[in-house]
Amino acid sequence: MNYVGDVGVRIEFEINIDISEIEEAKIIVLKPDNTKTEWICNKDESIYYVTKEGDFNVAGIYKLQLFVKTPTFAGRGNILEIEVKRGI
């Protein structure tokens with residue numbers, strides 16, 4: 001479970017593209033308050049993002065969509081929904 005203020009949550013994506021060809025990878029984020037932002041992904045043997053201070057700042061459902069760009073492809077993946085709850 002994820003909570004408002006959580007830092008260090010690893011969000012990992014499975015993709016059908018050779019990771020070594022990826023020039024750009026980011027997550028397009030729609031927060032529960034309808035603000036939109038982007039999180040820049042890291043890559044090693046996978047594509048992932050680790051949450052930072054302020055990423056989970058609102059309780060509710062976050063909609064995440066991976067965008068990747070290679071020399072021959074640019075596109076988005078499926079939308080992932082993550083619930084972020086308020087702590088006590």
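Student: Leaving aside its neighbours within four places in sequence, which residues is Thr51 in contact with?

Tutor: Contact here means heavy atoms within 4.5 Å. With neighbours within four places in sequence left aside, Thr51 is in contact with Asp6, Val7, Gly8, Val9, Ile11 and Phe56. Before going on, note that this is a predicted model, in which local features need pLDDT of at least 70 and side-chain atom pairs count only at pLDDT 80 or more, whereas totals for chains, interfaces and linings use all residues. Residues are numbered from 1 along each chain as its sequence is written, and side-chain values use heavy atoms, with hydrogens and water left out.

Student: Where does Thr51 sit, and is Thr51 buried or exposed?

Tutor: Strands are DSSP runs (E, at least two residues; helices would be H or I, at least four), numbered from the N terminus. Thr51 has its place in the loop between strand S6 (47-50) and strand S7 (60-69). Buried means under 20% relative accessible area, exposed over 50%, and partly exposed in between, with a 1.4 Å probe and protein chains only; because its relative accessible area is 3%, Thr51 counts as buried. The C-alpha atoms of Thr51 and Gly5 are separated by 9.5 Å, although these residues are 46 apart along the chain.

Student: How should I read the sheets, and in what order do the strands of the three-stranded sheet stand?

Tutor: Strands of a sheet pair through backbone hydrogen bonds, either parallel or antiparallel; here, two strands pair if DSSP finds at least two bridges between them. The open sheet of three strands has the order S2-S6-S5, with antiparallel pairing. Strand S2 (10-13) and strand S5 (42-43) stand at the edges, each with a single partner strand, so one side of each has no neighbour in the sheet. S5 and S6 are joined by two bridges, and Asn42 has Tyr48 of S6 as its bridge partner.

Student: Which strands form the sheet of five?

Tutor: That open sheet runs in the order S1-S8-S7-S3-S4, and its pairing is mixed. Its edge strands, strand S1 (2-3) and strand S4 (36-40), each pair on one side only. S3 and S7 run antiparallel and are joined by seven bridges; in S7, Leu66 is the bridge partner of Ile27, and Lys69 is that of Glu24. Nine bridges join S7 to S8, which also run antiparallel, with Gln65 opposite Ile79 in S8. S7 and S8 form a hairpin with four residues between them.

Student: Which residues have the most contacts inside the largest nonpolar core?

Tutor: In soluble globular proteins, nonpolar side chains tend to be buried together. A nonpolar core is a set of buried Ala, Val, Leu, Ile, Met, Phe, Trp, Tyr and Cys residues joined through side-chain atoms within 4.5 Å. The largest one has 20 residues, and Ile11, Ile27, Trp39 and Leu64 have the most contacts inside it. S2, strand S3 (24-30), S6, S7 and S8 each supply at least two residues of this core, and S7 gives the largest share, four residues. Beyond neighbours within four places in sequence, Trp39 is in contact with Ile11, Lys26, Ile27, Val29, Tyr49, Asp55, Phe56 and Leu64.

Student: Is Asp33 buried, partly exposed or exposed?

Tutor: Asp33, in the loop between S3 and S4, has 41% relative accessibility and so counts as partly exposed. Its C-alpha atom and that of Ile61, 28 residues apart along the chain, are separated by 9.2 Å.
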